[in-house]
Amino acid sequence: MKHMFVAAGVVLAALIAPGIVLAQDVAITNARIIVGSGQVIDSGTIIVKGGKIVSVTAGPAPGPTQGLRTIDAKGMSAMPGFIDSHKHVSNGENAAGQMRLLLEAGYTTVLAGGGQADTNIALRDRIEKGEFIGPRIIASGQINLRQTPADARAAVQALAAKGIKHTGEIALTPIPGPTQAEIEVLKAIVDEAKKVGIQVNVHAVSSPAMVAAIDAGVTRLVHIPNKDFTSYDQADRVAQTGSIVAGAIAFGAPYIDRLSPPPAQVQWPQDNSTRFRDGKPWPEAISGANRDDKGRALGTEGGYSLVNARRIWDADTTRQLISYSTDQNATDLVVLEHELKSYSVMFSMADIHRIIGPNAARYVGMADQIGTLEPGKLADIILIDGNPTLNVYEMLKTTVVLKEGKVVVDKRSIPSTR
């Protein structure tokens, strides 16, 4: 699958420079607070100290706020920072630009979807050392299924030695389904990963591949199946095993007349034609497109993904089976819009907030630290200039971003006061 990386060098106005991003104790006042768990506070205050959320209350702060940096969020909504549980990132020459755009769109955590472990580690470390700003990068490492089970076990051990806690996406044959050789190697990976505390992420884009992965012990699936319709029984397998599927449900949906705002790598004519996410004609350009007996691309991926997402979601009343991911690297605000529009066909706004917040946090293994605005959680907070309880378009208006209590993006014309 080809991925596009945004060009660095063009910066939106009023952003905080990396060299002056400092930890501060903060009081966010007068905010509509979308907790992420389903609770919405019409007007309240969030207190942040030491990089963590201390309190979330309706109305004014419960105690004194002297010494706190006060951000008056009147007219804005506070949400947990967005979490992308599967995205391919780059440590190349455009890394700083791509990371900045992710923050500007509202993302504070990204699970690297693939690539070499050393490359992902290097990107993570560049951000953590302050070379440039960016979301929290959770590094992963590739493991190939085309090797012996013993070699696969050794590959898992090698990742553990580097401190990696996630595999990149491990692709299973979708149609007619995984081979027995793939399953044997996958079982070895899963078994060894359990011993060293590594999460196994499997790329399963058909319902048979999804179930085969679950039967092999996998609980983290990359992509809603887009090759066929998922049955009720197959959806029940996801629920029964406590598995979770990273969405990317807009994979098969076309872009139409979407000229990416600068800075962007992909810009195509607004000629009322349908295009895949690489700008080439849809549905022919869909990666691994579903085809008829004459070899023509069908574009059925879009329909399968939508129905399957809802079917899997409804298989369990806890509403924890679907996570948020994008798996594409056009301009991040455009990608966010494209993905959220597909979610809005099948999900309520409250459910979308859960999917991109606590569910995505669960997928990446950080449910106790991020994903909701609750005391004790890391202060990954975005302020949106609007009301995201209304529609997905309101989620495209991120104005201020705090990552672990540090203001890393501030697009307001008048910054906060003391």
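The legends below describe close-up views of a predicted model. Local features are described where pLDDT is at least 70 and side-chain atom pairs count only at pLDDT 80 or more, while totals for chains, interfaces and linings use all residues. Residues are numbered from 1 along each chain as its sequence is written, and side-chain values use heavy atoms, with hydrogens and water left out.

**View 1. Helix H2 and the elements that it packs against.**
Helix H2 covers residues 117-128, where helices (H or I, at least four residues) and strands (E, at least two) are DSSP runs numbered from the N terminus. Its 12 residues reach 16 Å from the first C-alpha to the last, close to the 16 Å expected at 1.5 Å a residue, the expected span being 1.5 Å times one less than the number of residues. The buried residues of H2 are Ala 117, Asn 120, Ile 121, Leu 123 and Ile 127; buried means under 20% relative accessible area, exposed over 50%, and partly exposed in between, with a 1.4 Å probe and protein chains only. Because they cover an arc of only 160° around the axis, these residues lie on the same side of H2, the arc being that of the directions from the helix axis to the C-beta atoms. An α-helix has 3.6 residues a turn, so residues three or four places apart point the same way. The buried residues pack against helix H1 (95-105), strand S7 (107-112), strand S8 (136-138), helix H3 (149-161) and strand S17 (398-403). After H2 comes Gly 130, with a positive phi near 85°.

**View 2. Thr 398 in strand S17.**
With a relative accessibility of 4%, Thr 398 counts as buried. Its side chain reaches the backbone oxygen of Ala 105 at 3.4 Å. Leaving out residues up to four places away in sequence, Thr 398 touches (heavy atoms within 4.5 Å) several residues, including Phe 82, Glu 104, Ile 384 and Lys 411.

**View 3. Asp 380 in the loop between helix H9 (349-363) and strand S16 (381-384).**
Asp 380 is buried, its relative accessible area being 4%. Although Asp 380 and Gly 81 are 299 residues apart in sequence, their C-alpha atoms are 5.2 Å apart in space. A polar atom of the Asp 380 side chain lies 2.9 Å from the backbone nitrogen of Glu 404. Among the residues that Asp 380 touches, not counting those up to four places away in sequence, are Met 79, Thr 108, Arg 136 and Leu 402.

**View 4. Strand S6 (residues 82-87) beside strand S7.**
Of the 6 residues of S6, 6 are buried, so this strand is largely enclosed by the rest of the structure. S6 and S7 run parallel and are joined by 4 bridges, and the bridge partner of Phe 82 in S7 is Tyr 107.

**View 5. An open sheet of 5 strands.**
The strands follow the order S9-S10-S11-S12-S15 with parallel pairing, where two strands pair if DSSP finds at least two bridges between them. Strand S9 (166-171) and strand S15 (322-323) are the edge strands, each pairing on one side only. S9 pairs with strand S10 (residues 199-203) in the parallel sense over 4 bridges, and Gln 199 in S10 is the bridge partner of His 166.

Conventions
Polar contact = N/O pair within 3.5 Å; in protein donor to acceptor, adjacent residues only side chain to side chain.
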